[in-house]
Amino acid sequence: MVRAYSQEHTYKHPWERVTAASWRKFADPENKRTLSHILEVDTLNHKLDPSSGKLYTTRAITIHAPGPWFVRKIIGQDICHCVESTVVNAQSRSMQLATRNISLQKFIEVEEKIRYEPHPANPIDWTICKQETSIRIKPLSTLASMAEKIEQRCVDRFQQNSAKGREVMERICKYLEAESRGISLRS
């Protein structure tokens with residue numbers, strides 16, 4: 001069985017600020033406590049396509065393995081490796097992120113897609129974030145009867161982490177806003 005959910009969030013900040021915050025959210029030491037499930041983030045490659053103006057980036061993300069503690073004990077692994085692929089199109093003001101796990105795939109498959117675009121109601125000042133996540137526990141003989149409950153616990157955890165991520169993004173956006181005001185005051 002697959003558990004899927006989607007959520008939308010409106011950032012009352014311009015697209016440029018929100019996407020800048022997205023790049024900074026894992027690097028800011030102030031966010032380490034809030035995003036404690038993120039252990040490491042490494043940029044594997046980035047490429048700017050001169051003909052389209054699109055930026056393509058791939059990052060490796062190491063996290064605490066999702067799910068309840070007893071599942072991590074059964075599978076014998078506390079960490080999970082993921083790959084995040086990002087495409088930024090500055091012309092259309094779109095940023096798309098797709099993240100999926102590359103380890104623990106014989107137990108769990110997680111795919112998350114996030115899209116940042118100008119909000120249709122206020123495209124200059126607001127940004128809409130659309131997130132879609134699917135989680136699939138692959139039943140093991142010892143866990144077959146519990147797979148559905150485990151999937152739901154994973155969904156709950158991912159939703160909690162998403163809320164933490166939005167909190168971090170808001171904090172960075174406010175910091176970037178203050179920073180830009182400070183720069184403009186000196187002009």
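Visitor: What makes the charged end of K47 count as sitting over the ring of Y56?

Guide: In this predicted model, the charged end of K47 is 5.6 Å from the centre of the Y56 ring. The cut-off for that distance is within 6 Å, together with an angle within 35 degrees of the ring normal. K47 over Y56 is listed as such a case, so the name applies by this rule.

Visitor: Why are the rings of Y11 and Y116 called a tilted aromatic pair?

Guide: Their centres lie 6.4 Å apart, with 50 degrees between the planes. A pair needs centres within 6.5 Å, and planes under 30 degrees apart would be stacked and over 60 edge-to-face, so the rest are tilted. By this rule the count comes to 1 aromatic pair.

Visitor: Which parts of the chain does the pair of Y11 and Y116 tie together?

Guide: Y11 belongs to strand β1 and Y116 to strand β6, so the pair links parts that are 105 residues apart in sequence.

Visitor: How do you know whether Y11 and Y116 are buried or exposed?

Guide: Y11 has a relative accessible area of 1%, and Y116 has 2%.

Visitor: What makes E109 and R136 a salt bridge?

Guide: The distance from N to O is 3.6 Å, and the cut-off is within 4 Å, so the pair qualifies. E109 is in strand β6 and R136 in strand β7, so this contact ties together parts 27 residues apart in sequence. A search of the whole structure finds 6 salt bridges. Another of them joins R115 and E117 at 2.6 Å, N to O.

Visitor: Why are E109 and R136 called partly exposed?

Guide: E109 has 33% relative accessibility, and R136 has 31%. Buried is under 20% and exposed is over 50%, so values in between are partly exposed.

Visitor: How do you know that β3 and β4 pair?

Guide: There are 11 bridges joining β3 (residues 54-64) to β4 (residues 79-89), and the strands run antiparallel. A pairing takes at least two bridges, so these strands qualify. Within this part, R59 stands opposite E84 in β4. β4 is also joined to β5 by 8 bridges, again antiparallel, and T86 has L97 in β5 as its bridge partner.

Technical notes: Residues numbered from 1 in each chain as written. Predicted model: local features only at pLDDT ≥ 70, side-chain atom pairs only at ≥ 80, totals over all residues. Heavy atoms only, no water. Helix = DSSP H or I, 4+ residues; strand = E, 2+ residues; numbered from the N terminus. Phe/Tyr/Trp six-rings, centres within 6.5 Å; stacked < 30°, edge-to-face > 60°. Buried < 20%, exposed > 50% of the residue type's maximum accessible area, 1.4 Å probe, protein only. Salt bridge = Lys/Arg side-chain N within 4 Å of Asp/Glu carboxyl O.
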